[in-house]
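Biologist: Let's go through this protein together. Please put it on the screen, and I'll ask as we go.

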Amino acid sequence: MQVPKEGEYITIQSYKHNGSLHRTWRDTMVLKTSDQSLIGCNDHTLVTESDGRRWLTREPAIVYFHKHYWFNIIAMIRDNGISYYCNLASPYALDEEGLKYIDYDLDIKVFPDGEKRLLDVDEYEEHSKLWGYPEDIDHILKENVRVLVEWINEEKGPFSKEYVELWYDRYRQLANKH
């Protein structure tokens with residue numbers, strides 16, 4: 001697939017380790033691509049779950065994917081501040097269907113007041129046994145939890161309020177053109 005251009009829409013597909021489709025986001029607007037990362041925006045985006053349930057995202061969110069790090073970041077812009085949902089996941093790949101990654105269950109949620117919570121540890125343990133996550137993946141994921149917490153604590157990249165405001169402003173400029 002050609003690298004999507006600024007202002008174009010892509011589909012994001014999340015898979016599980018066993019190859020099953022987990023979740024799909026339709027029409028994420030691309031804000032920036034580089035050879036290492038992709039930044040986009042979801043705003044009332046249609047999400048389809050593996051069981052067929054469908055829902056719309058409630059608020060605008062800046063999404064950040066990287067080809068080196070084993071996580072992706074969703075910065076949800078809410079009335080009470082920015083909340084973050086971080087998926088521990090494989091680096092992304094692009095093909096003709098869209099952006100794809102493997103979701104490895106573990107998540108970190110960051111609340112507007114800065115509180116952090118590691119979520120879905122039980123699900124990670126269950127799937128690790130069920131699908132036989134390799135030891136090297138377990139090590140990589142645990143190391144990336146450490147990196148992610150470091151980014152959160154240092155307000156690095158997507159965890160900076162200015163970063164989120166900059167990319168949300170860019171989204172609004174592009175959206176007004178369509």
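Biologist: How many aromatic pairs does the structure hold?

Modeller: The structure holds 12 of them. Two rings of Phe, Tyr or Trp (taking the six-membered ring of Trp) pair if their centres lie within 6.5 Å; planes under 30 degrees apart count as stacked, over 60 as edge-to-face, and the rest as tilted.

Biologist: Take Trp 70 and Tyr 104. What kind of pair are they?

Modeller: A tilted one, because their planes sit at 40°. The ring centres are 6.2 Å apart.

Biologist: Where do those two residues lie?

Modeller: Trp 70 is in the loop between β6 and β7, while Tyr 104 is in strand β10. The pair therefore ties together parts that are 34 residues apart in sequence. The names follow DSSP runs, numbered from the N terminus: helices are H or I with at least four residues, strands are E with at least two.

Biologist: Before I go on, what am I looking at?

Modeller: A predicted model, in which local features need pLDDT of at least 70, side-chain atom pairs count only at pLDDT 80 or more, and totals for chains, interfaces and linings use all residues. Residues are numbered from 1 along each chain as its sequence is written, and side-chain values use heavy atoms, leaving out hydrogens and water.

Biologist: Good. Back to Trp 70 and Tyr 104: buried or exposed?

Modeller: Both are buried. Buried means under 20% relative accessible area, exposed means over 50%, and partly exposed is in between (1.4 Å probe, protein chains only).

Biologist: What else does Tyr 104 form an aromatic pair with?

Modeller: Tyr 133. That pair is edge-to-face, with 5.0 Å centre to centre and 85° between the planes. Tyr 133 lies in the loop between α1 (121-131) and α2, so its pair with Tyr 104 in β10 ties together parts 29 residues apart in sequence.

Biologist: Why do Tyr 104 and Tyr 133 count as buried?

Modeller: Tyr 104 counts as buried because its relative accessibility is 2%. Tyr 133 is buried because its relative accessible area is 8%.

Biologist: Which residues do ring pairs link into a cluster?

Modeller: Tyr 64, Tyr 69, Phe 71 and Trp 151.

Biologist: Which side chains make a polar contact with the side chain of Lys 100?

Modeller: Asp 95, at 2.8 Å. Glu 97 does too, at 2.5 Å. A polar contact is a pair of N or O atoms within 3.5 Å; within protein, one must be able to donate a hydrogen and the other to accept it, and residues adjacent in sequence count only if both atoms are side-chain atoms.

Biologist: What else does Lys 100 touch?

Modeller: Leave out residues up to four places away in sequence, and Lys 100 touches Gln 13, Tyr 15, Pro 91, Tyr 92, Ala 93 and Asp 95. Contact means heavy atoms within 4.5 Å.

Biologist: And Glu 59? Where is Glu 59 found?

Modeller: In the loop between β5 (54-56) and β6 (61-66). Glu 59 is buried, because its relative accessible area is 14%.

Biologist: Which side chain does a polar contact join to Glu 59?

Modeller: The side chain of Arg 78, at 3.0 Å. Setting aside neighbours within four places in sequence, Glu 59 is in contact with Asn 42, Asp 43, Met 76, Ile 77 and Arg 78.

Biologist: Now the backbone. What is the phi of Asp 27?

Modeller: Positive, at about 65°, although Asp 27 is not a glycine. Most residues other than glycine have a negative phi.

Biologist: Where is Asp 27 found?

Modeller: In strand β2. Asp 27 counts as partly exposed, because its relative accessibility is 38%.
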